[in-house]
Amino acid sequence: MSELKIKLNSKYKSFETGFTTLLNGDLIILSGINGAGKSQLLDIINGSSQRDIQDIAGMSDGQFIQIDRTMKLNGEEILTSNIEHLSFKNNILIPEVSKYSIYNTGQSVDNAYNQYKNGNLDPIRNVNYSNSCNRAISILEKEYGEYKPNFTEQEFKKALRKHGFEWRSNDQFTDFVGSLFYNYAMLIAQGQQNAGKVDGNAFDPTILGKAPWTELNELFKLLKIEYRFRSNYEVEHAELPEVPSLYLIDIDGNLIETEKRALKDLSDGEKTIISLCFNSIKGIEFEKKKIILLDEVDALLNPSLTESLFLVLGKYYLSKGIPVVLSTHSPATISLSPDCCSYYEVFKKQHFIPRIMEVNRNEYSELKKVNRVFYEEIENQEQRIKDLEKNIEFEKDVLIITEGKTDWRYLVGVLKFFHKKDEFLNIKEELFFKYGTHEDVKDKICGTTDFADMGESNLLKYLSTELSHRTADIGRRNKLLIGVFDSDTNIGIKNKPEYGINSFKISPEGISMEFLFTEEEIKIEISGKRLYIGDEFNDKTTRHFEKDLVLGQGSQKRAGKKEIIDSDVFDKGNENHALSKDAFSIAIFKGEVSISNTTLENFRHVFEKIDEILECSFQEGKKDLKTQ
């Protein structure tokens, strides 16, 4: 496991002089709220910060501010030139691939020589002009054993041409495909010429190693990216006659010649992964990279591309012993991260000391579970379309749907109390839509029978859709739908009793169903954990007023509010003390916690409203509900 030891020798933005931290891991993920300083920390590790172009009058894009820090990787001090620093802003700026010829190399070498004459290749200068300058210095040192300020033009250009030097901007994902393809095709052409080309069989190109277009195509296939380059490129008259282009592929993996794709037309997420693919095969051993910094490169990725990101990092960096530090705002990135990850959270300096804290991966277990289920649902697009188009089909004459899967568990649990008193006997447990996640259905949690997501907006959308169906389907109106909503939002609800659509909000206003229980009951401990309420925490510091607890990133917005908090309540040891609403609702459903009769009476108005709807429907002669 890699060890990164950082010491800041002079103040940098929100980090004070003397700041130190130790990061352990081969794949390190940094999270934290906006403005916490994740990007600043990556700048400090890098030892330089790219200046804002607007702040540099008359200077070229890509100049750097040096940061005075000491950075050691496994006890060895490393330089900025050993570090590759990439951000999502670079990823989406992929220039188009162009034809490539011997003239491109000449232009690159001429450009580097002009910088050399202007003093920009001086390795002891405090400001690095660009990584291309650093690469030129590295080549000259390798070729002549040292760098000197008085190379002749012939010496300088000969060395750079020999090593195929390319001038690239500070955008780390600069277009290099044309040159990569050209150089390999040129080697084939030279080999064929030297061997005396006879029907193309006199020279075996496999001795040169895998062709770059082959490697990229294999990588795209592995990552399930539906684009490919052609399978062969040849040099004609010292250039590639065809611009390397991407093509869509059919179901058998063959190029669709009519579906050419320019890089600029790809989605930003696709550009991110394809850029990283380009970068990963360009030869980082030659670049002498010892650590890779990725600043929110996942910002534009969906879950499938996030998994591709980790696959590329493992294949091209971690497997070569190059550690990676990735900053992120994405719960999906954390949840889909591999087991080898180490996690750290960065905190704003005005509220928290220390600034950086390690997080046990177990703290993200629920997040990982939820996002994994979501990812598996959307990965199979054919099935996902069926799920989204599917209406809730039911044979019952009556269906009661709550806006949350925990709410129907509360109501069914409390209904048992009233049934013991021979009240609300028309309202039967089987009338409730018992829905939840695939895991709930699989494990039959509280008798869950249907997979669905019926949050407030989804329930409202479903009722609206059902209402439109009933406009033309008179027979469908005889099936009664009852929607039960919390009262903590201002959404409008759907009501059209003549069409069998009824819904209502619980009372009093401004609460979720948990607040029909008393605060003491809400805070009952189950297996050493309990639900928390937002007003138990300071809205500024997000710390508990009485206990040594603090809210994590997922719950900080609830601090100081009358809202239930069922996750991200941490002690000093990063142990989560919050009980999930799932666990609380299951305990209520099963009668495993003691709830007072006074509290159970708080639910009376819900059942009275349901009973009233049932009674009205019965009196109108739509259904003989009492004989169900």
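Mentor: Let us begin with a definition: a residue is buried under 20% relative accessible area, exposed over 50%, and partly exposed in between. Please keep in mind that this is a predicted model.

Trainee: What makes Cys 341 count as buried or exposed?

Mentor: The relative accessible area of Cys 341 is 9%, and since buried means under 20%, Cys 341 is buried.

Trainee: How many disulfides does the rule give?

Mentor: The count comes to 0. A disulfide requires a pair of cysteine sulfur atoms within 2.5 Å, whereas for Cys 340 the nearest cysteine sulfur, belonging to Cys 341, lies 5.0 Å away, so by that cut-off Cys 340 is in no disulfide. Cys 341 is likewise in no disulfide, its nearest cysteine sulfur being that of Cys 340 at 5.0 Å.

Trainee: How do you know that the span of helix α9 is close to the expected one?

Mentor: Helix α9 runs over residues 303-316, which makes 14 residues, and it reaches 20 Å from first to last C-alpha, where 20 Å is expected at 1.5 Å a residue. Among its buried residues are Leu 305, Leu 309, Phe 310 and Leu 313.

Trainee: What share of the whole chain counts as buried?

Mentor: Of its 628 residues, 49% count as buried, and the chain has 19 helices and 24 strands.

Key. Residues are numbered from 1 along each chain as its sequence is written. This is a predicted model: local features need pLDDT of at least 70, side-chain atom pairs count only at pLDDT 80 or more; totals for chains, interfaces and linings use all residues. Side-chain values use heavy atoms; hydrogens and water are left out. Helices (H or I, at least four residues) and strands (E, at least two) are DSSP runs, numbered from the N terminus. Buried means under 20% relative accessible area, exposed over 50%, partly exposed in between (1.4 Å probe, protein chains only). The expected span of a helix is 1.5 Å times one less than its number of residues.
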